[in-house]
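Hi,

Here is the structure I promised to pass on. Have a look at it first, and my notes on what turned up follow below.

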Amino acid sequence: MGQRLTHANALNRLDRLPIGRFHKVTLVAVSFAYFFEFADINTFATTAPKLIKLWGVTIDQVAYVTSLSFVGMFLGSVVAGAMADRWGRKRTLMLTTVWFGAFSFASVFAWDIVSLGVLRVLTSAGLAAMTVVAVIYVNEMYPAAVRGKFQAYAIVIGICGTPATNLIASAVVPLSDWSWRLVYLWGSLGILLVFFTKRLKESPRWYESRGEHGKADEVLREIEASVAAEKGPLPEPAPPVEETPSTRTPVRLLLQKRYLLPTLLLTVLWVTQTVGFFGYSSWAPTLLAKEGFSVEKSVFYVALTTVGAPLGSYLASLVTDRFERKWSLAVFGTVIALCGLLYGLTFNPVLIIVFGFLVNMFERGYTALAYAYSPELFDTRARSLGTGVSYGLGRLSNAAGPLIVAALYQSNGYRSVFFFIAGTWLAGAIVLAVFGPRTRRARIAALSEEKQQAVTAR
């Protein structure tokens, strides 16, 4: 090559691609990672009631382990953003998944609540790091017009890890005094993502953001050849839009006016989602057991409610690209607040399952929408850092969440916990409705431009 490539036009070249086998393989790999992230994230919650009986663990100790896990998530999220900017989206996705799988496996051999707590913090750092990178990866690899739908599809499959873990836990935890360890062994299987290494491509948009246009073009040619072989001749891409190359993204970049509002807004989104969801999911088995339900029944009831989770992600896939995401998020958040409150006001097993089912369904839909919405508020230069910092601050906020839940439960009883959780969800919905930027117009513009290019190509 006699002349150095000065622009790969990655965004527009990816945006005009029809969905092909390449996109589906990427979807399977990301879904696999999500599956074991969701499988692993509730392992401590499902084993805590058994450890209370077996090791004499107290409610306060459960709260401290859960709190410190969210400190781990914060550190993992922020570090993942920096790693993804420095080493690439694909490599960081692999590294973070291997990390959480390895420490979940180590949790099998924990000998007391302190050792298990340390290992859960390290596992949680990997879980949050992997999530941040996966969200960015999907955002950068799929056409703008359908990326929200495919983000939701990945979570539809991935979220099945939550009911799978809860059902496995309800079956194996009661078997013996050691069988709870099998839940952590199950959570470690995410490490098998390494088998997808050769099938995934590095993000051309990441290469381009670093000024490595030759590498971006090489990956794009491979993707285009694969899609063209399957779908026929490709339309011409729209003209390139210049982005300033950046090999290092300092945190102070987020203090610039164009990035500060999205960062603050997404921090509120992830703080309310984290405190609201984990306040519910991390505590439901333990609180039900404390209120007189057997450990087996409390874990089983929660397992049944999480069956609603995949349906919620599928519901999100139907609305995410059709409506303004901020309004969908506000509606879902309000419904979760109402159903979560009703869950806390009943002790009827049927109603516990019904309202718990609805909470899980709409919450997972909310998360799928948020995963699609978050990276859209930043350009390529700030996407990894902005998504990682806001998501990480959300997770960090829940270092206080379990301590608040434990204090509320011990001072004001079971129902006060669910008033607190409902209020958190409602606050997030209101902030999104009032301050959330709209992103649908940009997606529609991308879709109409893609159609116009397709017509021109014919």
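How many salt bridges does the structure hold? The count comes to 13, and a few of them are worth a look in your viewer. Please keep in mind that this is a predicted model.

Start with D40 and R120, which form a salt bridge whose closest N and O atoms are 3.0 Å apart. This pair links distant parts of the chain, with D40 in helix α2 (residues 21-41) and R120 in helix α6 (residues 113-141), 80 residues apart. Both D40 and R120 are buried.

Next comes D85, which forms a salt bridge with R89, again with 3.0 Å between the closest N and O atoms. D85 has a relative accessible area of 11%, so it is buried, the cut-off being under 20%. R89 counts as buried too, because its relative accessibility is 0%.

The side chains of E222 and K201 also meet in a salt bridge, at 2.8 Å from N to O. E222 sits in helix α11 (residues 213-231), while K201 is in the loop between α9 (181-187) and α10 (204-209), so this pair ties together parts that are 21 residues apart in sequence. Where do these two stand, buried or partly exposed? E222 counts as partly exposed because its relative accessibility is 37%, and K201 counts as partly exposed as well, at 24%. There is also a network: salt bridges that share partners join R13, R16, D217, R221 and E224. As a general point, side chains of opposite charge can pair when their charged atoms come close.

On to the cysteines. A search of the whole structure finds 0 disulfides.

Now the overall picture. The chain has 21 helices and 0 strands. Of its 458 residues, 60% are buried. Among contacts in the chain with a separation of 6 or more, 87% are between residues 24 or more positions apart. The chain exposes about 18,100 Å², and carbon and sulfur atoms supply 66% of that area.

One helix I went through in more detail is α3 (residues 43-54). How many of the residues of α3 are buried? The answer is 9 of the 12, so α3 is largely enclosed by the rest of the structure. The buried ones are T43, F44, A45, T46, T47, A48, P49, K50 and L51. After α3 comes G56, which has a positive phi, near 70 degrees.

Finally, the surface. Which residues make the nonpolar surface patch of about 480 Å²? They are V98, L189, I191, L192, V194 and F195. V98 has its place in helix α5 (residues 89-107). With a relative accessible area of 31%, V98 is partly exposed. Patch residues need over 30%, so V98 clears that cut-off.

Cheers

How values were computed
Residues numbered from 1 in each chain as written. Heavy atoms only, no water. Patch = residues over 30% accessible without salt bridge, like charges linked within 9 Å, V, L, I, M, F, W, Y side chains within 5 Å. Areas by Shrake-Rupley, 256 points an atom, 1.4 Å probe, with all protein chains shown as cover. Salt bridge = Lys/Arg side-chain N within 4 Å of Asp/Glu carboxyl O. Helix = DSSP H or I, 4+ residues; strand = E, 2+ residues; numbered from the N terminus. Buried < 20%, exposed > 50% of the residue type's maximum accessible area, 1.4 Å probe, protein only. Disulfide = S-S within 2.5 Å. Expected span 1.5 Å × (residues − 1). Contact = heavy atoms within 4.5 Å.
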